[in-house]
Amino acid sequence: MPIKMIIVMKPDATPQQTTHVLDRLASLGFKTHLSQGVERTIIGAIGDKRAVSPLSLTALDGVAEVVPIRRPFKLVSREVKPSDTIIDLAFGVSVGGSDQLVVMAGPCSVESREQLFETARAVKDAGATVLRGGAFKPRTSPYTFQGLGETGLKLLAEAREAFKMPIITEVMDSDDVELVAHYADILQLGARNMQNFSLLKKVGRLAKPVMLKRGPAATLEEWLMAAEYILNEGNPHVILCERGIRSVETQYTRNTMDISAIPVAKRLSHLPVIGDPSHGTGKWYLVGPMAKAAIVAGADGLMIEVHPRPEEALSDGPQALLPDTFARLMAELRAMKAVLHQFNPLPQPAEF
Ligand code: PEP
Ligand code: MN
């Protein structure tokens with residue numbers, strides 16, 4: 001019977017102690033994987049259950065704990081890291097594990113300087129803390145607007161400085177990772193690229209936060225395994241984003257916002273979880289209700305599309321909130337968050 005486990009080294013473990021543990025595991029016929037994080041060193045090991053008892057490994061010098069893993073994901077798992085991951089961004093904004101209401105808002109696509117700046121000003125005034133805007137757009141049709149590319153990134157960078165907000169934007173292609181990382185505070189991996197494994201590996205080698213959207217037809221395990229790819233390459237700064245999945249309904253909602261995915265992901269993983277009710281519903285009048293539902297369900301924040309003139313938007317107009325509607329929603333969310341804070345402790349996973 002194979003057994004998978006994680007050996008967590010003590011923060012002050014020496015490289016020699018780590019090597020000794022690796023050698024010991026190898027001599028027992030285990031395959032090992034070393035990940036040296038900033039905070040601590042973790043060894044993933046897979047081998048024959050009969051070869052060793054996890055308990056005996058805890059006796060080795062430098063070992064803090066040995067955790068048997070029952071799930072296919074390891075590094076994203078709360079079994080490996082029980083405490084919430086908090087990702088610090090520029091301008092004092094952080095995502096995860098805090099009482100901050102992180103709202104990433106802005107247009108679906110960056111269309112022009114005027115449109116971006118008008119939207120950025122409005123969302124900033126309403127209390128959004130991260131500015132979103134797509135420069136490389138994954139469109140269903142090749143005949144629709146594909147985004148402004150690097151021009152869009154430059155406009156985002158300008159808006160970042162003008163409004164003092166970190167920016168998030170999508171990278172679609174492995175070849176553009178360095179370019180997008182040069183401008184963005186958070187790289188967004190879109191739903192349709194959730195299992196683009198070469199892209200996952202490439203952003204995994206960056207030192208920049210990545211927001212991984214759940215694929216439209218991805219199971220929770222597939223989503224977490226996709227995040228595992230990024231962490232496995234050495235980048236621990238991953239944010240998960242539920243943005244709706246494909247269901248039987250296609251007419252009255254664009255996607256089905258899977259609210260239950262939020263507490264499940266929070267239970268299984270230490271990574272921050274964001275709800276995207278804009279793509280989750282596709283209708284502006286459903287964004288408010290699903291935004292509130294996501295917060296009640298334990299989301300660490302939201303991504304919301306806003307456009308000053310939705311009827312003129314080059315993408316996703318029907319789901320864009322007008323600035324005024326967004327401001328009212330933000331006020332409601334702040335009031336809700338203050339109340340929730342009193343009685344909504346995060347579920348700590350006792351059993352899986
Ligand atoms: C977007 O954020 O504009 C987008 C295209 O999102 P998704 O990948 O969730 O469709
Ligand atoms: Mn969009």
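Okay, the manganese ion, ligand 2. In this predicted model, four residues coordinate the manganese: C108 through SG, H279 through NE2, E305 through OE and D316 through OD. The distances run from 2.0 to 2.4 Å. If you want the spacing of those donors along the sequence, it reads C-x170-H-x25-E-x10-D.

So where do the two ends of that pattern sit? C108 is in the loop between β7, residues 102-106, and α3, residues 113-126. D316 is in the loop between β14, 301-305, and α11, 323-343. That means the pair ties together parts of the chain that are 208 residues apart in sequence.

And are those two buried or exposed? With the cut-off for buried at under 20% relative accessible area, C108 counts as buried because it comes out at 6%. D316 is buried as well, at 17%.

α10, residues 284-296, packs on α11 at an angle of about 20 degrees, and the axes are 10 Å apart. That makes α10 roughly parallel to α11. For handedness, the α10 and α11 crossing is right-handed. Who's touching whom? On the α10 side you've got V287, G288, A291, K292, I295 and V296. Facing them from α11 are L329, E332, L333, M336, K337 and L340. Sort the residues in that contact by class and you get eight nonpolar, one polar and three charged.

Now the other helix pair, α7 and α8. α7 is 220-232, α8 is 261-268, and they pack at an angle of about 50 degrees with their axes 11 Å apart. With that angle, α7 and α8 are oblique to each other. The crossing of α7 past α8 is right-handed. On α7 the contact uses L220, W223 and L224, and on α8 it uses A261, V264, A265 and L268.

S77 sits in the loop between β4, 63-69, and β5, 87-88. How buried is S77? Its relative accessible area is 0%, so S77 is buried. And what does S77 touch, leaving aside neighbours within four places in sequence? L268, S269 and H270.

Notes. Residues are numbered from 1 along each chain as its sequence is written. Chains are lettered from A and ligands numbered from 1 in the order in which they are written. This is a predicted model: local features need pLDDT of at least 70, side-chain atom pairs count only at pLDDT 80 or more; totals for chains, interfaces and linings use all residues. Side-chain values use heavy atoms; hydrogens and water are left out. Donors are N, O and S atoms within 2.8 Å of the metal (3.2 Å for Na, K and Ca); water is not among the atoms, so sites may look incomplete. Helices (H or I, at least four residues) and strands (E, at least two) are DSSP runs, numbered from the N terminus. Buried means under 20% relative accessible area, exposed over 50%, partly exposed in between (1.4 Å probe, protein chains only). Axes are lines fitted to C-alpha atoms, for helices over the stretch in contact, and angles run from 0 to 180 degrees between N-to-C directions. Angles under 35 degrees count as roughly parallel, over 145 as roughly antiparallel, 65 to 115 as roughly perpendicular and the rest as oblique. A crossing is left-handed if the near helix is turned anticlockwise from the far one by less than a right angle, and right-handed if clockwise. Contact means heavy atoms within 4.5 Å. Ala, Val, Leu, Ile, Met, Phe, Trp, Tyr, Cys and Pro count as nonpolar, Asp, Glu, Lys and Arg as charged, and the others, Gly among them, as polar.
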